[in-house]
Amino acid sequence: MQSRSSVNRLSFLRADHAFLSAAFKHPTTRFILMKDLAPLTRSISELHYARYDDVRKLISAESLNKSEADMIKEYDSRKIHPQAIFLGMDESHKGEGLTWKVYSGIPYFALDVTPKGSDEQQANAKDLISRMEAQGLTFFKSRMLASLPGDQAAIYAQARALIDWNTRNTYCGTCGSTTLSVHGGTKRACPPTDAALVAEGKAAERPLCNTRTSISNLSFPRTDPTVIAVVLSADGQRILLGRSKRFPPNWYSALAGFMEPGESIEDAVRREVWEESGVTVSRVIIHSSQPWPYPANLMIGAIGQVSDPAYEKICLEHDAELEDARWFPMAEAEEALKLGATLLDGSPPPEYKEGGLKLPPPTAIANQLIRAAVDIEHLLSEKHSKM
């Protein structure tokens, strides 16, 4: 699945705190609520969007109406605020939502409602959670990116990745002091002073930190590139797929792994395929990409091919990540695609024949890569038949 977000991120408005405050409390604004990184959902295939009236006791719009400079100047590490992330505006609803200068649409925010902070804040968070669950809504704890419609999956990926990043970076990587979320939740600063020190009878200044004096005076979210690839045999008639130990029975997928420093995408594909399956890949083409927010990956999809049948031998002794890897006839892969999406619990559609190949659902990039490989085989077959 490629990202199909209808939300314009409007990143330049993250520093406009009058806008953030107005957007936060607008009656059309939609909030993705997260508890321990689990999103609030109506079902496994539908997010629930809360409104400002639902969250106003937990966090007020006025708390966002401070400049970044004032937030840093008034920093007090004793105060913990619920993490709010400005995600952007859906401009397909012009005239229905907020109008700000030349921008118009429905604002989207992500809000971490995990109980934290003072006793009052925790009580308000628990009350919000109880009210939502009383409506039959659920904080869905399993991975669900592949079960959501494309537009919802894209905005959920953005929300989850940024909430997770803020949660993991509450301390400065240089001096170890606590950090402050700024810029609509997409940067973290290391303030030079802390009102909590004054309350202890100390000077407000914190220890010197190179983070505050260099050009990199802020911490930004990271994205980790991951390659995922299907491999064609030398004759183009078969496709290499692997299965992890955690996969449901008969479920196979594309091979994947993290890129390493100083490595190209093509070399990463060749290395990962060889390490996991023992197969040596020659040609590599980049096909597409998919954000995968667990916690912050960008899956770069590729199709590789072996140059000689001598390099097709499978060996699982290099890396113990895969339970099995096999060469499947292209016709078998095509038949598995025609059966439709395998359910997330591993159960197949009614027309499935026991023992047959199962593949990831169409919303997964692995499925799209397998489809592309099948299409390539058809094109090659048509070309040979005309020769």
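Here is the tour, stop by stop.

Before you click, remember that this is a predicted model: local features need pLDDT of at least 70, side-chain atom pairs count only at pLDDT 80 or more, and totals for chains, interfaces and linings use all residues. Residues are numbered from 1 along each chain as its sequence is written, and side-chain values use heavy atoms, with hydrogens and water left out.

**Stop 1: the two domains**

Colour residues 7-219 as domain 1 and 224-383 as domain 2; these bounds come from an automatic or database domain assignment. Their centres, taken over C-alpha atoms, are 37 Å apart.

Now look at where they meet. Here 13 residues of domain 1 are in contact with nine residues of domain 2, contact being heavy atoms within 4.5 Å. About 1,000 Å² is buried between the domains, and carbon and sulfur atoms give 67% of that. Buried area is the accessible area (1.4 Å probe) that two parts lose on being put together, summed over both.

How many salt bridges does the rule find across this interface? It finds zero, where a salt bridge needs a side-chain nitrogen of Lys or Arg within 4 Å of a carboxyl oxygen of Asp or Glu.

**Stop 2: T28**

Next, select T28, in the loop between helix 1 (17-24) and strand 2 (30-35). Helices (H or I, at least four residues) and strands (E, at least two) are DSSP runs, numbered from the N terminus. Is T28 buried or exposed? With a relative accessible area of 17%, T28 is buried: buried means under 20%, exposed over 50%, and partly exposed in between (1.4 Å probe, protein chains only). Its side chain makes a 2.9 Å polar contact with that of H26. Leaving out residues up to four places away in sequence, T28 touches R51, E96, G97, L98, I106 and P107.

**Stop 3: strands 13 and 15**

Show strand 13 (residues 224-232) beside strand 15: they pair in the antiparallel sense over four bridges, and pairing takes at least two DSSP bridges. Find V227, whose bridge partner in strand 15 is G257.

Technical notes: A polar contact is a pair of N or O atoms within 3.5 Å; within protein, one must be able to donate a hydrogen and the other to accept it, and residues adjacent in sequence count only if both atoms are side-chain atoms.
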